[in-house]
Amino acid sequence: MIRILTIFMLASLALPVAAGDLEKTLGRSSLEVRAVQLSAAMLVDEMNRERARHGLAPLRLDSRLSLAAEDRINDMFDKRYFDHVAPDGTPPFVWAGRRGYGYRAIAENLAVGYRTSSNLIEGWMGSAGHRKNILGKRFEEVGIAISAGSPTKQFGGPTVVALYGSR
């Protein structure tokens, strides 16, 4: 039996197609719908809820950090790796400098395979290093990049890069 995996990027695509419509067209036995509810805005909202619980100011989505995060995720896909340091030794913060983001403090969170913003932030909050970045008092801004796939065969997508910074 052939199964068709259909991913809806609910937060970033506004497709007027319902799972029931696809099921009618493709047939019930050939359809598996896995929804992805993940966007930069949703992630920032979830992070800011956590920050508010801890009495911290909200993060602002920054366009230069988002462009740097896009460059970073593209590098991971081009070179087929998932790590904080590129195979050629390039550290993650180089991308921010290349986009003209002059930072006093900067950090990075990576994730792969989370399908919802709430599950992703829950995962990061369960990891000391990731949690420290989300709740970092020195961070004021964040840039986020999301890709539907994964840069390596080892993991399934989507892939997320978050760069936290302050100037």
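1. In this predicted model, tryptophan 124 is in contact with residues from several stretches of the chain: leaving aside residues up to four places away in sequence, it touches Met47, Asn109, Leu110, Ala111, His130, Arg131, Ile134, Val160, Ala162 and Tyr164.

2. Trp124 also belongs to the largest nonpolar core, which has 21 residues and in which Met47, Trp124 and Tyr164 have the most contacts. Two or more residues of this core come from each of α2 (40-53), β4 (105-112), α5 (117-125), β5 (141-147) and β6 (159-166), and α5 gives the largest share, 4 residues.

3. Within α5, the buried residues are Ser117, Leu120, Ile121, Trp124 and Met125. They lie on the same side of α5, because the arc they cover around the axis is only 135 degrees. The partners against which these buried residues of α5 pack are α2, β4, α6 (128-134) and β6.

4. Is leucine 59 buried or exposed? Its relative accessibility is 4%, and because buried means under 20%, leucine 59 counts as buried.

5. The contacts of leucine 59, again not counting residues up to four places away in sequence, are Val44, Met47, Asn48, Arg51, Phe139, Glu140, Glu141, Val142 and Tyr164. Although leucine 59 and glycine 165 are 106 residues apart along the chain, their C-alpha atoms are separated by 9.4 Å. Met47 and Tyr164, which leucine 59 touches, are also among the residues touched by tryptophan 124.

Definitions and conventions:
Residues are numbered from 1 along each chain as its sequence is written. This is a predicted model: local features need pLDDT of at least 70, side-chain atom pairs count only at pLDDT 80 or more; totals for chains, interfaces and linings use all residues. Side-chain values use heavy atoms; hydrogens and water are left out. A nonpolar core is a set of buried Ala, Val, Leu, Ile, Met, Phe, Trp, Tyr and Cys residues joined through side-chain atoms within 4.5 Å. Buried means under 20% relative accessible area, exposed over 50%, partly exposed in between (1.4 Å probe, protein chains only). Contact means heavy atoms within 4.5 Å. The arc is that of the directions from the helix axis to the C-beta atoms.
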